Amino acid sequence: MSIVIHGVTKLFGKQKALDNVSFEVNTGEIVGFLGPNGAGKSTMMKIITGFIPASSGKVYVNGLEAGTDNLELKRQIGYLPENNPLYPEMYVREYLGFVASIYNSARFRKNQINNIIELTGLAPEQNKRIGSLSRGYRQRVGLAQALIHNPAVLILDEATTGLDPNQIVEIRNLIRETGREKTVLLSTHIMQEVEAICERVIIIDKGIIVANEEKSYIYSVIKRAKQIIEVEFDKEADVSKLSDIQNISNIRILRNNIWQIEGEGDEDIRPAIFNFAVSNNLTVLSLQKRQSNLEEVFRHLTS
Ligand code: ADP
Ligand code: MG
């Protein structure tokens, strides 16, 4: 077991940012730590990495206790903090050398810097000022600083937030590559992130763990989740006939001629709605499917 969290509570004044949180991450696993903004993800990660103390509970990383063995703990962990604080006036190579020197690894410093620059695709940018890099490259520098001491455990806080779609794909690939021989805990508020990288998902909401499941299970939940369709017809419709259709579970009017129709099961209910319109001389002015979002997944997992 690489990471063991046991009954961690964190109070900020009266606010409980974490409420008796427990979970474990096995060696070599890539686990997604998923939850909406304010759920407590960053707080948990700061406690794991020894940057802030828990109010109560215990955290162990490779057998080292956070808060007690912090110096050795930081050697075992590569940490990419939220918003990736960097020194914009430093040069990429210079900065990585600076980080390497913190870990006191003079004996392999030069090799290690070269390797990490290669691995994170920073070679063409290595002599530029960090402040002049694109966000995607800055995020690579953040990953490089997290990886430079070859840690066994990676803690990545919202590593792809704020990147454009191409950069997101690149950084995800990089995490997958570099995470192959490491234990990785990565936080995100984006469901797709989990799909792309993780094997297991731990979901936190308001400081409480609401799910800890294999990715495939989370996806089966999403699939079972209701389809919610919003449809606008050109005129009044007798939608009671729609309720005869199998899979349609609920119909209600939202506004004039605009209906919300819920379906259950694997079969898409949209063709049935179109056919209904055609056979009743109605024109479909718009038809939208509401995406199964994180909130709905939460509701299904917690209900
Ligand atoms: P997430 O990373 O999931 O978005 P955070 O861990 O940053 O959530 O925050 C969890 C809760 O704790 C939020 O309500 C936040 O406002 C609060 N919080 C975080 N850090 C502090 C702090 N230093 N002082 C007071 N409240 C904090
Ligand atoms: Mg956060």
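Buried means under 20% relative accessible area, exposed means over 50%, and partly exposed lies in between, with a 1.4 Å probe and protein chains only. Val210 counts as partly exposed, because its relative accessibility is 23%. This is a predicted model, in which local features need pLDDT of at least 70 and side-chain atom pairs count only at pLDDT 80 or more, while totals for chains, interfaces and linings use all residues. Residues are numbered from 1 along each chain as its sequence is written, chains are lettered from A and ligands numbered from 1 in the order written, and side-chain values use heavy atoms, without hydrogens and water.

Stay with Val210 for a moment. Its place is in strand S10, residues 208-214. Helices (H or I, at least four residues) and strands (E, at least two) are DSSP runs, numbered from the N terminus. Val210 and Gly38 are 172 residues apart along the chain. Their C-alpha atoms are separated by 15 Å.

Two strands pair if DSSP finds at least two bridges between them. Strands of a sheet pair through backbone hydrogen bonds, either parallel or antiparallel. Strand S1 covers residues 3-12 and pairs with S2 over seven bridges, in the antiparallel sense. Lys10 has Leu18 in S2 as its bridge partner.

Contact means heavy atoms within 4.5 Å.

Helix H3 spans residues 92-102. Which residues of H3 are buried? They are Val92, Tyr95, Leu96, Gly97, Val99 and Ala100. An α-helix has 3.6 residues a turn, so residues three or four places apart point the same way. The cover over the buried residues of H3 includes helix H4 (109-119) and H5.

Ile102 also belongs to H3. Is Ile102 buried or exposed? Ile102 counts as exposed, because its relative accessibility is 55%. Together with Tyr87 and Phe98, Ile102 makes a nonpolar surface patch of about 290 Å². Patches are made of residues with over 30% relative accessible area and no salt bridge; like charges are joined within 9 Å, and nonpolar side chains (Val, Leu, Ile, Met, Phe, Trp, Tyr) within 5 Å. Accessible areas come from the Shrake-Rupley method with a 1.4 Å probe, and for residues only the protein chains shown count as cover.

Helix H5 covers residues 135-147 and contains Leu147. Leu147 counts as buried, because its relative accessibility is 3%. What does Leu147 touch? Leaving out residues up to four places away in sequence, Leu147 touches Gln112, Ile116, Leu119, Thr120, Leu154, Thr178 and Lys182. Leu34 lies 113 residues from Leu147 along the chain, and their C-alpha atoms are separated by 22 Å.

Strand S11 (residues 227-233) comes next. Five of its seven residues are buried, so S11 is largely enclosed by the rest of the structure. Six bridges join S11 to strand S13 (residues 258-263), and the two run antiparallel. Glu232 has Ile258 in S13 as its bridge partner. Six bridges also join S11 to strand S14 (residues 284-290), again antiparallel. There, Ile229 has Lys289 in S14 as its bridge partner.

Charged pairs complete the tour. Side chains of opposite charge can pair when their charged atoms come close. A salt bridge is a side-chain nitrogen of Lys or Arg within 4 Å of a carboxyl oxygen of Asp or Glu. The whole structure has twelve salt bridges. One of them joins Asp268 and Arg270, at 2.6 Å from N to O. Asp268 is partly exposed at 30% relative accessibility, and Arg270 is partly exposed at 28%.

Glu177 forms a salt bridge with Arg180, with the closest N and O atoms 3.1 Å apart. Glu177 is partly exposed at 46%, whereas Arg180 is exposed at 57%. Asp205 and Lys206 meet in a salt bridge at 3.8 Å, N to O. Asp205 is partly exposed at 21%, while Lys206 is exposed at 65%.
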